[in-house]
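Please have the structure open as you read.

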Amino acid sequence: MKTNTLLAAGGLVFLAVLYFSFIGRDEVDYNTEVKPILNRKCMACHGGVKKSGGFGLLFQEEALGKTKSGKPAILPGDADHSEFITRLTDPDPDRRMPKKGGPLTEAEIETLTRWVEQGANFDTHWAYRRVELPDVPSIGTIWSRLGLTQNPETDWAKNEIDQFALDRRPEGLQPTVEADRATLLRRVSLDLTGLPPTSAMYERFKADKSDRAYETVVDSLLKSSAFGERWASVWLDLARYADSRGYEKDDLRSMWRYRDWVIRAFNEDKPYDRFITEQLAGDLLAKPDGSDASENLLIATGFHRNTLNNDEGGTDDEEFRLAEVMDRVNTNWVAFSGTTFACVQCHSHPYDPFRHDEYYKQMAFFNNTQDADIYDDSPYLRFFTETDQAKLGSLKRWLQTNVSPQKAEETVQFLRTFNDRIPYTALDKIENGFVFNSIGVFSKNGGSARLPNAPVLGRRKLIVRLDHVNKVGGTIGVYLDRKEGQPIAVIRADTGRQGKIQMVDLPPIAGRHDLYFEFRNPTLKPGSSESVCSILWMMFRNDDPLPGTDKPDYARHRKLYTDLLYASTDNLPVMLENASVNRRVTKVFERGSFMAQTRPVQPDVPKSLNPWPQNAPRNRLGLAQWLTDRDNPLTARTAVNRFWEQLFGTGLVETLEDMGSQGFAPTHPELLDYLAHRLMVDYKWQIKPLLKEIVLSATYRQDARTSQQALALDPTNKFLMRGVRLRLSAEQIRDQSLAVSGLLNRTLYGKSVMPYQPAGLWQTVYSGHKWVVSKDSNAYRRAIYTLIRRSSPYPNMTTFDGTSREVCLARRIRTNTPLQALATLNDSSYVEMAHRFAARMQREGGPTLDAQLNRGYFLMMGRTLPPKKEAVLQTLYRDALTRYRNEPVNRTNWVANESPERAALAIVANIMLNMDEFIVKE
């Protein structure tokens with residue numbers, strides 16, 4: 001009896017297990033089964049762009065709500081009476097859905113039917129869920145995990161990354177062995193520093209037999225100053241960094257200090273949350289003290305001053321100012337959140353849960369900066385010459401001693417930034433004048449312009465930036481409230497101050513008023529077409545910018561102040577927030593058109609993501625806090641995915657720019673979340689320990705060679721069971737060739753340089769800028785320092801998939817074209833590298849050709865030249881030597897003033913620098 005009871009109980013348990021297993025398998029997964037069907041077949045008519053019949057499938061409340069018919073199309077739990085389902089098989093072609101494209105398959109209809117029957121439950125997309133620490137998969141056996149027995153899995157794995165990789169592989173796919181030492185050293189050196197190992201590094205690594213030999217190498221590479229240069233080049237694609245302004249005129253812009261800030265940030269291992277915050281809101285963190293720390297915070301905001309600036313005549317400055325603001329919104333979402341957000345400018349996102357008005361709530365964070373698409377790129381941070389910097393220091397010390405430290409800081413800040421400017425674009429009612437080429441309001445004799453609602457507010461100083469002053473004797477009269485109103489100031493428009501700043505006193509005037517500016521010059525004839533001058537910007541100040549009139553030595557320091565006010569400076573565009581009196585109202589643009597502005601909105605974030613942090617300010621600083629909040633689901637995942645892609649060639653999510661439902665699903669979702677959690681929680685947002693963990697893994701160290709069976713099981717290495725083999729980036733190809741040839745100039749930081757490029761590529765119509773090859777070995781600096789002019793970027797970079805940096809780019813798509821081989825064989829830079837490489841092989845290799853070739857190959861790859869390749873290269877050398885002995889003219893054309901032996905070896909060096917193994921990472 002007892003036995004029968006146990007058997008019956010066991011049978012019930014068995015049936016229950018079968019039942020729940022069946023139910024579990026039958027449960028429809030919204031994200032992996034339903035959403036892909038909706039995106040492919042339904043969202044075009046019922047998504048974020050349009051909701052035909054009043055029915056939308058993007059948001060649950062819309063999908064389950066009433067349609068134009070007055071009834072809901074989806075009845076959860078009742079597929080038979082849900083029009084959403086019945087329309088899929090309706091015999092009437094005018095009623096059957098979808099109306100466009102092919103019909104759904106039987107399997108797709110069955111999936112949607114089961115989904116509705118099970119309650120039509122929506123689910124949050126994986127990328128919009130909070131990052132949680134996943135369980136690390138177990139590998140091997142319990143005994144091998146305890147170290148009591150051996151097992152191939154536990155023997156192979158070196159850290160948790162390997163356990164996640166093993167857990168996802170298909171049956172029959174095994175990891176490969178570790179790459180040989182030379183290959184591994186070259187791989188990790190190129191990955192972490194962008195440069196190949198030196199011969200000394202190869203020798204040291206080969207000689208170090210300790211268990212920590214590889215880790216020691218990794219630690220040294222992470223400490224190298226080359227680390228920051230390598231990773232900054234990745235970030236600058238996202239920051240759309242360039243040395244010019246873009247559009248038709250594409251004048252040059254001095255942004256190199258921002259590039260140097262990025263390099264330093266990576267070298268210092270600045271935590272990524274701080275890295276984001278300083279670039280988004282450094283100006284809101286900076287103190288007005290003129291310190292290096294505050295200067296660096298302002299420099300960091302160059303991230304969002306890399307936007308294009310349109311100086312072309314006839315353009316609408318406000319239109320292009322708004323274009324810059326929108327670019328900042330779009331860049332923010334791609335760079336920090338891996339999300340396509342630009343389309344939300346015109347309509348709700350077609351596939352992901354972002355509403356149209358949420359775009360403009362994001363835009364409101366960026367719509368109150370002082371920049372206004374004007375030709376001087378203001379606001380900017382002024383950098384003085386050494387002489388003027390000494391004057392600034394003297395002035396600051398005098399103020400600290402005789403007035404107060406606070407006034408000293410405020411004065412220095414003003415002289416460095418000219419904060420709170422009102423651009424000429426605020427002027428209206430321009431009579432007998434015109435706006436020209438984004439460089440100011442020009443007015444003829446007797447002309448006028450109005451500054452409406454000017455924030456005078458009792459301030460006693462008006463500072464005006466004038467330009468294009470025509471003749472001596474010009475003046476600008478300032479009148480209160482109307483053209484014939486009370487005269488309150490006269491500004492001299494004197495050729496002695498051309499392009500300079502004028503400061504005039506104002507009487508005490510409370511509140512805001514319209515101010516009228518009337519331009520006069522008695523030396524100009526009535527009706528003359530000549531302008532008196534132009535106004536670029538103006539500002540109001542509370543008091544005399546240099547207090548202390550009763551203090552000793554005031555006159556001398558007042559002169560220092562005036563000299564600095566008028567000084568010519570090198571200017572870096574930065575972000576500065578408008579004063580509260582100048583704040584703009586942000587409105588929703590109907591269908592994305594700035595000409596159709598509708599209801600106002602306040603700064604906010606999408607409701608589908610993490611909430612706004614408690615007590616965070618509603619400005620760019622608060623936005624940075626929201627992005628780096630522990631609950632933000634996208635920031636850490638996006639960063640980890642980008643770093644992984646740089647090391648493995650493909651991200652854990654292949655579409656780096658799109659983690660939404662139209663992007664690729666992660667190949668290893670638990671690994672992505674594990675590393676994202678590690679970055680935020682364990683590493684406190686520091687990047688170097690994250691990269692160290694990845695490159696120390698057995699997954700990273702694998703040999704790229706594999707079996708045909710493994711290739712058949714995983715042709716794209718999706719499951720990470722072998723090493724990667726990838727062509728190097730444009731920057732790495734150039735830097736590597738410079739390094740092995742001995743030409744590389746390792747100088748850090750500084751102005752952008754001009755290496756060799758073919759003559760005549762720059763056709764600068766307006767500025768007269770020319771490409772002049774840099775001198776004193778600066779032409780041989782790393783590629784990150786090469787000047788980028790957006791309308792004509794460095795051709796060798798674009799040949800190898802570099803970008804013109806006009807928009808934020810999350811991922812370079814690798815191409816393989818004949819032009820690339822032609823570039824590395826024939827580009828004058830690479831030809832010179834080949835000549836120098838040949839000289840180095842002769843110098844370091846010794847007297848025999850065999851030794852020279854092997855020395856060259858060791859410098860390239862860290863190992864001995866394979867015999868078959870050596871035979872080919874020796875044959876090439878002999879053929880070239882015979883030719884150059886018989887044809888001295890051709891030898892001179894190839895390499896001047898050198899022996900036939902050097903010329904022949906240079907031919908061989910040219911080929912070696914183009915060998916497949918040299919331009920790829922394996």
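Helix H18 is largely enclosed by the rest of the structure, because 11 of its 11 residues are buried. Buried here means under 20% relative accessible area, exposed means over 50%, and partly exposed is in between (1.4 Å probe, protein chains only). Helices (H or I, at least four residues) and strands (E, at least two) are DSSP runs, numbered from the N terminus. Among the buried residues of H18 are His356, Asp357, Glu358 and Lys361, along with Tyr359, Tyr360, Phe365 and Phe366. What do they pack against? Their partners are helix H15 (272-285), H17, strand E12 (586-589), strand E13 (597-601) and helix H22 (620-627).

A word on the source: this is a predicted model, in which local features need pLDDT of at least 70 and side-chain atom pairs count only at pLDDT 80 or more, while totals for chains, interfaces and linings use all residues. Residues are numbered from 1 along each chain as its sequence is written, and side-chain values use heavy atoms, with hydrogens and water left out.

**The whole protein**

The protein has 36 helices and 15 strands, and its C-alpha atoms fill a box of roughly 115 × 90 × 60 Å along the principal axes. Of its 922 residues, 56% are buried. Taking contact as heavy atoms within 4.5 Å, residues 24 or more positions apart account for 72% of the contacts with a separation of 6 or more.

The mean pLDDT (the predictor's confidence in each residue, from 0 to 100) is 91, and 96% of the residues reach 70 or more. Residues 1-25 have a pLDDT below 50, and this stretch has zero contacts in the model beyond near neighbours in sequence. Where pLDDT is low, the predicted coordinates should not be read in detail.

**Nonpolar cores**

In soluble globular proteins, nonpolar side chains tend to be buried together. A nonpolar core is a set of buried Ala, Val, Leu, Ile, Met, Phe, Trp, Tyr and Cys residues joined through side-chain atoms within 4.5 Å. The largest one has 119 residues, and Trp235 and Tyr258 have the most contacts inside it. H17 gives the most to this core, with eight residues. Apart from it lies another core of 55 residues, including Trp398, Leu462, Met539 and Phe540.

Which residues does Trp235 touch, not counting residues up to four places away in sequence? They include Tyr258, Val262, Phe266, Tyr272, Phe275 and Arg642.

**Aromatic rings**

Rings of Phe, Tyr and Trp (its six-membered ring) pair if their centres lie within 6.5 Å; planes under 30 degrees apart count as stacked, over 60 as edge-to-face and the rest as tilted. The structure holds 37 aromatic pairs. The rings of Tyr247 and Phe320 are edge-to-face, because their planes are at 80°, with the centres 5.3 Å apart. Tyr247 lies in the loop between helix H13 (225-238) and helix H14 (256-267) and Phe320 in helix H17 (residues 317-337), so this pair ties together parts that are 73 residues apart in sequence. Tyr247 is partly exposed at 33% relative accessibility, whereas Phe320 is buried at 16%.

Phe648 and Tyr700 form another edge-to-face pair, with ring centres 6.0 Å apart and planes at 85°. Both residues are buried. Ring pairs also link a cluster that includes Trp235, Tyr258, Trp261 and Trp685.

A charge sits over a ring if NZ of Lys or CZ of Arg is within 6 Å of the ring centre and within 35 degrees of the ring normal. Arg421 lies over the face of Tyr380, 4.7 Å from the ring centre, and its charged end also sits over the ring of Trp537, 5.3 Å from the centre.

**Salt bridges**

The structure holds 73 salt bridges, each a side-chain nitrogen of Lys or Arg within 4 Å of a carboxyl oxygen of Asp or Glu. Here are some of them.

| Salt bridge | N to O distance |
|---|---|
| Lys270 and Glu278 | 3.3 Å |
| Asp377 and Arg305 | 3.8 Å |
| Asp801 and Arg727 | 3.1 Å |

Asp801 is buried at 14% relative accessibility, and Arg727 is buried at 15%. Salt bridges that share partners join Arg245, Arg253, Arg305, Asp311 and Asp377 into one network.
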